[in-house]
Amino acid sequence: EGMIRAEFRAAGLPEDMYYLGLIESGFDPNAYSSAAAVGMWQFMAGTARGEGLRVDWWIDERRDPVKSTIAAAKFIKGLRDQFGSLYLAAAAYDGGPGRIQRGLTRYADALQDTEGDDLYFALSDKDYLRAETREYVPRLIAAALVAKDPKRYGLNIQPESAFVYDSVRVGPATPLAAIAAASGSTVAALQELNPQILRGMAPPNDSIQVRIPLGMAGRFDSAFAALPESARVGVHTVRAKSGQYASTIARKYGITERQLEEFNPHLRRYRSGHLA
């Protein structure tokens, strides 16, 4: 909560927009919708990339609690600037800015004497918005009211510890298991701090910043260098020979064909099934 409020405050947004993350995902970085929206802020891939987030087979920053929050704050601020209303911005966040703009245009004459947040309620009364979008702002308001006075509503909220961490940069193909060993942590703990890392390792061609438990950065480099080289690299690269099948290579290295294909999403095959 502290991190999200700070980012929204820095973007010039009311801190209560924090509760948008509650109604979007319950603050779950791994939330995945039937429409393929992902993360705490439920970004679609195209929108996320438009806000500067990396979304590919190795890294999905929609799941990154910090980077996705910065992107969400930027996106919401842009919508507020576009529509001149925080409530219309929230409705556009759920239903899409195009639909909100079309509604304002369609009912321009009826809404000409209405402005600011009142525009949202006036548009909502026109039976134009989808039910989910029409109810979105009331849900946001309700979440804020309940959270600010939980005992009134029979709730006992126990705050979790702050989202704090150190950061280190690791080279291509570094597995989380090696990072965990060098930081005195566990793979599960690192996955919780870094849900954006999808394959248990840094991408084979990129160095990346990784969050580790607070206070562990000082000893990390020396501890990592002390690990066996075989533990510091998460993949072994081989070149296919003429006439080889994926199953042949997988069998040679003691893995399944499916595992081989998962780590090589762009494998090319000839019609015969042989690897290119």
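Contact here means that heavy atoms lie within 4.5 Å of each other. The structure is a predicted model, in which local features need pLDDT of at least 70 and side-chain atom pairs count only at pLDDT 80 or more, while totals for chains, interfaces and linings use all residues. Residues are numbered from 1 along each chain as its sequence is written, and side-chain values use heavy atoms, with hydrogens and water left out.

By this definition of contact, and not counting residues up to four places away in sequence, Trp41 touches Ile4, Phe8, Met17, Tyr18, Leu20, Gly21, Glu24, Ser68, Thr69, Ala72 and Tyr93. Trp41 is also, together with Phe43, Tyr93 and Ile100, among the residues with the most contacts inside the largest nonpolar core, which has 46 residues. A nonpolar core is a set of buried Ala, Val, Leu, Ile, Met, Phe, Trp, Tyr and Cys residues joined through side-chain atoms within 4.5 Å, where buried means under 20% relative accessible area, exposed over 50%, and partly exposed in between (1.4 Å probe, protein chains only). Several helices each supply at least two residues of this core, including helix 1 (2-10), helix 5 (86-95) and helix 9 (136-148), and its largest share, 8 residues, comes from helix 4. A second, separate core of 21 residues includes Ile179, Leu190, Ala202 and Ile212. In soluble globular proteins, nonpolar side chains tend to be buried together.

For the protein chain as a whole, 15 helices and 2 strands are found, these being DSSP runs numbered from the N terminus (helices are H or I, at least four residues; strands are E, at least two). Of its 276 residues, 39% count as buried. Among contacts between residues at least 6 apart in sequence, 58% join residues at least 24 apart. Along the principal axes, the C-alpha trace spans about 70 × 50 × 30 Å.
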